Amino acid sequence: MSKFLSGIAAPLTGGLFCFLTTTADVAKAQSGSGGDTLGIEHGFMAFDTPDFHLQLVKDSQTVAALQPVGASGFDFTPADQLERRAGNHYFQLGDLTLRLRQGDGDWESYSSAAERQPVTALAASGDVLAAADLTPTLPPDCPLQITRSWCLEDGKLVLQFDLKNKSGQPVQIGSLGIPLIFNNFITGRSLADAHETCSFSDPAICMDAGYVQVTRLNGHGPALVVVPEGNTPLEAYNPILNPWDALSRATRLFADRTQRSQTFEGFYEWMPLSLAYAENEWKNAQPWNPPTSEMLSPGASRTYGLKFLVAPEIQEIEKTLAENGRPVAVGVPGYILPMDINARLFLKYAGGVKSMEAEPAGAISIEANAGTAHGWTAYTLRGRQWGRARLTITYEDGLVQTIGYDVIKPEVQAVADLGHFLFTKQWFDDASDPFQRSPSVMTYDRAHNRIVTQDGRAWIAGLEDEGGSGSWVAAAMKEFGQPEQDQVEKFEQFVDGVLWGGIQYSNGTLKYGVRKSLFYYDTNEFPNYYDPEIHYGGWTSWNKRDAWRIDRAYNYPHVVAAYWAMYRLARNDPGLVTHHPWQWYLDQAYQTVKFLTGRNSDGDYNVGYLDMGLMEGDIFLMLLEDLKREGWDQQAGELEAAMKERADHWHSEPFPFGSEMAWDSTGQEEVYAWCHYFGFDDKAQVTLDSILGYMPAVPNWGYNGDARRYWDFYYGAAPGGRLERQISHYGSGINAIPVLTAYRQAPDDFYLLRVGYAGTMQPLANIDQDGFAAAAFHSAPWLMRWDAYSGDYGPNFFGHAVDTATYVVDHPEFGWLAFGGNVNAHGDRIEVQPLDSFRRRIYLAPFGLWLTLDAGTFEAVDFNAKTRRVGVRLSAATPFVSEARLRIEQPAQLPQVGGFRPSKSFAMERGAFVVPLKKSGGTWVELSGGD
């Protein structure tokens with residue numbers, strides 16, 4: 001929805017459901033909490049440290065406020081929710097969860113938040129701010145005596161737990177969790193309030209080198225960085241569920257009663273020990289790290305703790321880690337590792353590296369590079385075995401750092417596999433289908449290896465919404481960048497047989513309108529069709545009237561992308577597309593946007609949600625550019641005017657990122673595109689900052705560049721989804737577009753490149769060895785697997801297709817690097833082998849030079865960093881591409897670099913240089929003028 005309605009994000013008629021969080025919901029969650037057992041009425045303890053204004057509840061000595069110094073009262077914790085969260089089963093920062101056993105007994109669960117009693121305050125002096133014995137707030141049978149202290153170490157705030165075995169038998173600690181209670185409670189807030197008040201947390205689940213970064217929604221500093229104090233590795237990162245969602249009776253004690261919803265992801269706990277879970281609730285999952293436990297002999301003690309650091313800005317988190325003696329890892333191009341890439345890994349830590357090994361053995365080859373620079377140790381890595389892998393680095397002082405990698409096939413092969421799977425296994429060809437969905441590329445169920453022809457959520461089987469259109473959108477964008485003749489022919493059949501006249505009205509007053517679903521639920525019309533094993537009914541099982549509505553703006557970019565991809569192929573690969581001329585496809589794309597932005601007799605838009613940014617909305621900008629190049633000035637003018645009206649609205653809003661959901665990571669992509677296009681640079685920056693607030697750079701393939709999303713397992717994935725942080729969801733691919741666009745204008749901002757390229761790579765991790773692409777990866781530690789449905793993967797691959805490129809940078813500390821290729825430096829001469837999926841785009845950061853091909857592919861780049869001579873080798877001609885079309889742009893406009901142009905004269909067509917290609921061997925094009 002465009003606005004909050006008292007914290008309720010309600011659906012439009014027939015629209016997607018949005019989680020409701022009302023006063024009644026809160027009351028339900030609080031029932032049975034025992035009132036204020038936290039002890040707020042007895043007051044607080046306040047402390048000023050060099051980094052924080054800290055406030056503790058006097059009775060519990062848990063955090064009531066954690067405000068960074070100089071941040072105008074901003075609080076990382078949900079302090080404004082403290083009163084409604086003051087009862088039992090509401091975790092606070094400073095609480096603890098445990099699973100213990102003695103002998104061969106069962107694991108017993110303990111929580112300091114389950115039945116609160118005032119803790120016993122202990123004397124505090126020196127660097128100890130407050131200390132307490134937690135015995136009163138733990139069950140009487142707990143065999144451990146636990147003392148908690150808040151203290152300072154070199155001026156940094158530390159939370160410490162001392163555990164002592166007070167029994168006469170050994171105690172095995174099978175799990176230990178420290179709840180991290182930070183304010184991602186968006187419920188009831190306006191978007192402006194949420195961006196100023198709330199934060200998101202992202203983990204680097206790297207054992208002793210682990211940390212959790214807490215970043216503000218607005219993307220501004222300061223950022224909180226939680227690191228281990230002493231031996232407290234981040235072994236696992238466990239979501240804290242609601243009692244009614246608990247995985248087992250044993251874990252219900254560890255639940256929090258704060259209602260999780262689309263506006264509240266929930267809290268997590270830092271776990272240095274997790275064996276008890278691994279033996280039970282998580283036994284069928286492959287964890288990030290090997291699960292461990294700790295054995296305490298009678299009278300023995302063990303200390304665990306966390307330290308709280310403050311980084312001035314998100315981009316300075318790694319610098320803050322290094323300044324505080326923590327290990328730092330930077331992977332290039334990231335941690336999703338194509339097998340043909342010579343990846344680099346840079347480590348910074350005072351202790352030398354003792355050993356480094358990959359698990360499974362041999363999954364990644366490791367080569368130490370000679371020498372170190374600026375305190376970094378460098379390695380070259382090569383993926384050898386497909387699938388998830390863990391790199392374990394042991395330092396001389398015993399500290400262990402783990403990094404999660406995902407080894408994939410070479411990008412070109414992975415995308416080729418995707419196309420093959422889409423047009424074979426996912427190709428639906430059944431002329432008797434009552435919903436007229438044949439022929440098409442449909443949603444696929446990998447668990448049963450079959451096309452999803454029925455689902456209780458109509459859109460999943462109805463070829464629209466993101467969950468139903470995902471596969472054919474991916475197919476369209478795959479053909480745009482890596483066309484194969486037989487696949488293009490099938491896609492043309494889909495366009496003529498299903499898209500035009502089916503998904504999209506082809507006549508009447510609704511001509512060019514896009515239906516919400518071709519599939520619907522009507523037992524009167526189809527009494528014997530529906531599978532009795534599928535749960536039908538409720539708002540998701542649309543009837544024909546709701547399914548055929550045209551009021552959801554989010555469905556339109558999918559259709560435009562399909563037409564645009566075919567236009568590009570018909571225009572640039574003559575003879576490949578045979579059903580229609582290029583003009584037809586371009587006009588279809590334009591007319592679809594015209595209908596989308598049209599208004600009815602009342603002056604309202606034909607379609608709802610048009611005041612929001614749309615996923616894949618960059619397609620409208622790309623369409624506008626092509627309309628201009630083709631000289632379709634009237635159509636270009638009308639489209640530009642319609643988009644200017646939307647951009648003007650966004651420019652007037654402080655944070656224009658709403659959607660069907662109360663908070664979303666969907667709209668930023670298009671909002672940035674048009675604000676940047678129309679010169680609303682201030683709003684474009686607000687948008688970019690927002691993205692950086694939820695799209696981290698951390699040493700783990702799953703979280704690196706992963707744009708936050710946690711509710712779409714309900715809507716765009718296999719049945720049975722729940723609220724859960726999604727990895728490699730489509731938010732990653734689409735949000736990478738503005739991040740990399742911004743980087744190309746500011747090539748010195750290495751952080752933008754790392755985050756943006758990581759997001760671009762996320763969609764490739766979804767592709768399995770056979771080519772099936774899952775909607776997303778389940779990060780819940782009891783799952784840790786890819787979703788079984790292809791679902792809403794399409795926008796993710798759209799982002800990849802728009803962004804995939806080879807980026808070359810000369811980093812001041814790391815030297816020459818390539819993202820999406822391999823680079824070799826021979827003095828000032830630099831050789832680059834592009835290895836990205838399409839090999840149609842190259843960015844040379846030292847020159848701010850952006851080379852793209854409308855037709856043809858790059859084979860190699862050779863340039864001189866000193867003289868700025870650039871040469872590119874283009875691939876040989878193909879049956880459909882005899883001429884390459886090369887575009888030369890310099891979006892960074894570096895003052896010390898002149899304009900580039902081909903040394904040889906070439907004809908120009910639609911703003912591109914037309915380069916005849918040799919039938920065999922490469923064609924070299926020299927560029928000059930960069931001096």
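Trainee: What makes strand β34 mostly covered?

Mentor: Four of the five residues of β34 (residues 815-819) are buried. Buried means under 20% relative accessible area, exposed over 50%, and partly exposed in between, with a 1.4 Å probe and protein chains only. The model is predicted: local features need pLDDT of at least 70, side-chain atom pairs count only at pLDDT 80 or more, and totals for chains, interfaces and linings use all residues. Residues are numbered from 1 along each chain as its sequence is written, and side-chain values use heavy atoms, with hydrogens and water left out.

Trainee: Why are β33 and β34 said to pair?

Mentor: Two strands pair if DSSP finds at least two bridges between them; strands are DSSP runs of E with at least two residues, helices runs of H or I with at least four, numbered from the N terminus. β33 (residues 806-811) and β34 have five bridges, so they pair, in the antiparallel sense. Val808 stands opposite Ala818 in β34.

Trainee: What makes β30 and β32 edge strands?

Mentor: The open sheet has the order β30-β31-β32, with antiparallel pairing. β30 (726-727) and β32 (785-786) each have a single partner strand, so one side of each lacks a neighbour in the sheet.

Trainee: Which residues make the contact of α10 with α12?

Mentor: Tyr590, Val593 and Lys594 of α10 and Gln635, Glu638, Leu639 and Met643 of α12 make the contact, which means heavy atoms within 4.5 Å.
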